[in-house]
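Okay, thanks everyone, I'll keep this short. Let me put the thing up on the screen and then walk you through a few parts of it.

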Amino acid sequence: MDASRSDVLILGGGVIGLACAYYLLKSGATVRILEQGTPGCGSSHGNCGTITPSHAAPLAMPGMLGVALRSMLRADAPLYLNPRLDGPRFRWLLGFARRCNWRDFERAAHARSAILQRSRGLLAGLVRDEQFDCEFGEEGELYVYRNDKAFRADERHHAQVLDRLGVAVERLRGDEVEAREPALKPGVAGGLFHPGDARLRPDRYAAELAQRVLAMGGTIESGARIDQFGMQGDRIDHVRTTRGVFRGDRVVMALGAWSPLVAKPLGLRLPMQPGKGYSITYSRPALAPRHALVLREAAVCVTTWESGFRLGSTMEFSGYAEGLNRTRLDALRRGAAQGLHVPEGPELKEEWWGWRPMSVDEVPIIGPSSLWSNLMLATAHGMLGVSMSAATGELVASMLRGDTPAIDPAPYAPARFGV
């Protein structure tokens, strides 16, 4: 017996790779995960941990390209496009610009909503059944507006999109928002409450998933950076890493923002860019928000757990530039200070950055490769990896088993990009 061979070899140990492993193990497959760092060390670690069927609408819509181009003039803009010349990023932006129309917007919104809603239900069951200690809460998420014009615009657009998709959203007056959320400073113009949204502590969710995968008999190879693929005909025969050579009858690529770089030697051109996000984590303040919040004008997300308090968000397109950008972190702090009585916790725990895997159409890429007969892709979840993780794992497992999936896999197929 070849100890280096598994039924399924999963490339990437973030929440998507771990969720794929969990559902595959439940179906009886043998599974090995190759992770260049440690499980959950990338974007799975420092995001805001919100589970958001409310985030079905994509960024791309008429007028958004102008917003993106103007952002080049402001390094602290919530959506920031670095003006440095970058060929792959420029091609990605051209593709994004072509999708800034209502037809593509509706198509993406429906695809995102289907997997978000499926995943929301699965996640609640997963956390409950497996008794995950990850501070899961179902208090909903509240969008807060201090500008009436911004509130009315989102009430017409964002809320109506959710109405069409069957996602619950409540319109609230400013005084109703302030009564519901004492942590907010006065002067709220209105709010949109999403009762179906939830939250968890993402690093703990990833750690619990990893422990469960190991307990079910899965293997996780940490520190296994991929160096080379070995091909045989139209199949991936083996994967050479810094930890050795591994084989799988089927291979799942769940590498997040690294996917287009690792996929290139396979002849796969994945239309993705890393969208850099930031967060600041504190110990919990005395007056902490009761709900997950989005302070809309500042585009700052606020998540509270018993164990801490996190400010996050922003979207920066700067290619694969590493490191913290102090301008972006200061913008998070300013935005929180505009809206919250106590915008920071007593102790700073962590300042963090990570790359979100952004597909050009803002729909994840999930399904069999059209070029390699034993390769399955599970990537490009953008800002919604945690939210979409359970349904992605379920979908990958059902497709590899040959079962009928719970949701239509067609909108996520890699074949739409010829990969």
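So, let's begin with helix H9, residues 202-215: its 14 residues reach 20 Å from the first C-alpha to the last, close to the 20 Å expected at 1.5 Å a residue. Keep in mind that what you're looking at is a predicted model.

Which residues of H9 are buried? Those are Pro202, Tyr205, Ala206, Glu208, Leu209, Ala210 and Val213. For the spacing, remember that an α-helix has 3.6 residues a turn, so residues three or four places apart point the same way. And after H9 you get Gly217, with a positive phi near 100 degrees.

Next, a pair of helices. The axes of H6, residues 148-156, and H7, residues 158-165, come within 3 Å and cross at roughly 20 degrees. With the cut-off for roughly parallel at under 35 degrees, that makes H6 roughly parallel to H7. On the H6 side, the contact is made by Ala153, Asp154, Glu155 and Arg156, and H7 brings in His158, Ala159 and Gln160. By type, the residues in this contact split into 2 nonpolar, 2 polar and 3 charged.

Okay, zooming out to the whole chain. We have 12 helices and 19 strands. Along the principal axes, the C-alpha atoms fill a box of roughly 65 × 45 × 40 Å. Of the 419 residues, 57% count as buried. And if you take contacts between residues at least 6 apart in sequence, 76% of them join residues at least 24 apart.

That's my bit, over to you.

How values were computed
Residues are numbered from 1 along each chain as its sequence is written. This is a predicted model: local features need pLDDT of at least 70, side-chain atom pairs count only at pLDDT 80 or more; totals for chains, interfaces and linings use all residues. Side-chain values use heavy atoms; hydrogens and water are left out. Helices (H or I, at least four residues) and strands (E, at least two) are DSSP runs, numbered from the N terminus. The expected span of a helix is 1.5 Å times one less than its number of residues. Buried means under 20% relative accessible area, exposed over 50%, partly exposed in between (1.4 Å probe, protein chains only). Axes are lines fitted to C-alpha atoms, for helices over the stretch in contact, and angles run from 0 to 180 degrees between N-to-C directions. Angles under 35 degrees count as roughly parallel, over 145 as roughly antiparallel, 65 to 115 as roughly perpendicular and the rest as oblique. Contact means heavy atoms within 4.5 Å. Ala, Val, Leu, Ile, Met, Phe, Trp, Tyr, Cys and Pro count as nonpolar, Asp, Glu, Lys and Arg as charged, and the others, Gly among them, as polar.
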